[in-house]
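Here's a quick tour for anyone meeting this structure for the first time. Have a look at the sequence and the model, then read on.

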Amino acid sequence: MSQLVKTDTIGTLKDVLDNNWRNGYTIPSARLYPFQWNWDSGFIALGLSYYAPEKAIDEIRFIFKGQWSNGMLPHIVFHEQNENYFPGPDVWNLHSTPYSSKTVPTSGITQPPVFGFIIERMHSIISDQPGWMEFLEEIYPKIYAFHKYLYERRDPNKEGLVYIQHNWESGTDNSPMWDEIFENMDVSKARDVSHLRKDNKNVDAAERPTNEHYKRYISLIDTFVACKYDDEQIAKQSPFLVQDVLFNSMLIKSNNSLIFIGDLLKKDTSEIKQWNDLAIKSMNTKLWDEETGFYYAYDLRNNKRIPIKVSSGFMPLFASVCSEHQASQLVNHLKNSFAENAEWYLCPSCAYTEASFNPVKYWRGPVWINVNWMLYHGLLKYGYNEEGELIKQDSLALVDNFGSFEYFDPRPGIEFDQKRGIGADLFSWTAALYLDFKYNQQNF
Ligand code: GLC
């Protein structure tokens, strides 16, 4: 049944999305991100579904224009030129690979695979939209090809856990999870890119990654280009190979959704079921630590867990891979390790108990609305309705009171209210997911 919301109830958040709309797709924010980003466009498409279903479908079609012939779905599609972002298409040097899209310039890495679950959620909102079933027929094989690429090219031990090659693939760019890998990285030959950066000139540099880290981000890209984007070579040579909890949780959730959509379309989904059987088993052994009761990323290059508590560790709830026992331990951490007291806004991106916690720095402490949205649904699924409701109310209050910001300072108090909304303003996924929080009560 259609759950379309009347346009006039949406107000300023619709303005954010309208202003960021660029003739077929939506930019995350004019100030910092002037192109189309991969997982952003999934969340944005969901928000658009509530009042502009045709735009929502376009949004997804446009990101998939960038898909590579090997199935990889790039993290940025550069539909038009813009000098206000670094690294642009030249840095990615796509002439070095035969796989890149012939239609549009893109980056050479991916982002968390959200499109499976996004189209399932959209199906529950706009399945009566003309052309919807044809759209599902069109998009299903593309999402499937992306997942197949991940399991075939990014899982060298065939354990059902795919690795990310770059911190930007995690979606949680400067998470403290990556600090040790970056500290140990040999950058003696890496180039200094501090003068090329735009992000730290457009918003307060204290809220952005450091120049030392940026040097490493670009050095990884230079390695990919030197490897001609051949994943086998990258797996041999690159210092950054990580099995990330959020990434693999999104993949499992999206696999489940592909099975649901595949059944509707009468496809054979047995391979996807096999992917998930193995993935869930491995996630609960390799990434779960019973002693501390939390999920951690695994550094495949150095063969060890990365024992830092970040909000990505809650995402297995969203993917329904936890037992009741695991869920209760996670909820315990949510209340005791991530918030100093009940006055804090949930959910900080890093536990405040970590030495690296920083309440205003990007993915090292601030609250992000997309993580909250996934966490909310995960908590409800396990019966933690009260905790889920807290997450939802905090998310709505942050946007209502401070605006559609990229991220928010979690600490309580008037002094923080002065500058609680941080990073980019008029940020698209914050607006889009607010709409889903507000207008769709169905647990997912
Ligand atoms: C930042 C975020 C990333 C997001 C991008 C565009 O880089 O860390 O997750 O996709 O901005 O909004």
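Let's start with Asn23, which you'll find in the loop between helix H1 (11-20) and strand E1 (36-37). Its phi is near 60 degrees, a positive value in a residue other than glycine. For context, most residues other than glycine have a negative phi.

Keep in mind as you browse that this is a predicted model.

## The overall fold

Stepping back, the chain contains 18 helices and nine strands. Its C-alpha atoms fill a box of roughly 55 × 50 × 45 Å, taken along the principal axes.

How does the radius of gyration of the chain fit with a compact globule? For 444 residues, a compact globule would come out near 22 Å, and the chain has 20 Å, so the two agree.

## Two cis peptide bonds

Most peptide bonds are trans. Here are a couple of cis ones to look up. Phe86 and Pro87 are joined by a cis peptide bond, with omega at about 5 degrees. Pro87 belongs to the loop between strand E2 (76-77) and helix H4 (89-92).

Further along, the peptide bond from Leu346 to Cys347 is cis as well, and its omega is near -5 degrees. Look for Cys347 in the loop between helix H14 (324-336) and helix H15 (369-381).

## Around the ligand

Now for the ligand, which sits in the largest cavity. Which residues are closest to it? Of the 13 residues that surround the ligand, the closest are Asp40, Gln111, Gly171, Asp173 and Trp363. Sorted by class, this shell has eight nonpolar, two polar and three charged residues.

A polar side-chain atom of Asp40 lies 2.6 Å from an oxygen atom of the ligand. With Gln111, an N or O atom in the side chain is 2.9 Å from a ligand oxygen atom. As for cover, the ligand has 310 Å² of accessible area on its own, and the protein covers 97% of that.

Terms used. Residues numbered from 1 in each chain as written. Predicted model: local features only at pLDDT ≥ 70, side-chain atom pairs only at ≥ 80, totals over all residues. Heavy atoms only, no water. Near = heavy atom within 4 Å. Polar contact = N/O pair within 3.5 Å; in protein donor to acceptor, adjacent residues only side chain to side chain. Areas by Shrake-Rupley, 256 points an atom, 1.4 Å probe, with all protein chains shown as cover. 1 Å grid on protein atoms, 1.4 Å probe; cavity = no way out; pocket = protein on both sides within 12 Å on 5 of 7 lines; lining within 4 Å. Sits in = over half its atoms within 2 Å of the grid points. Nonpolar A, V, L, I, M, F, W, Y, C, P; charged D, E, K, R; others polar. Helix = DSSP H or I, 4+ residues; strand = E, 2+ residues; numbered from the N terminus. Rg over C-alpha atoms; globule rule 2.2 N^0.38 Å.
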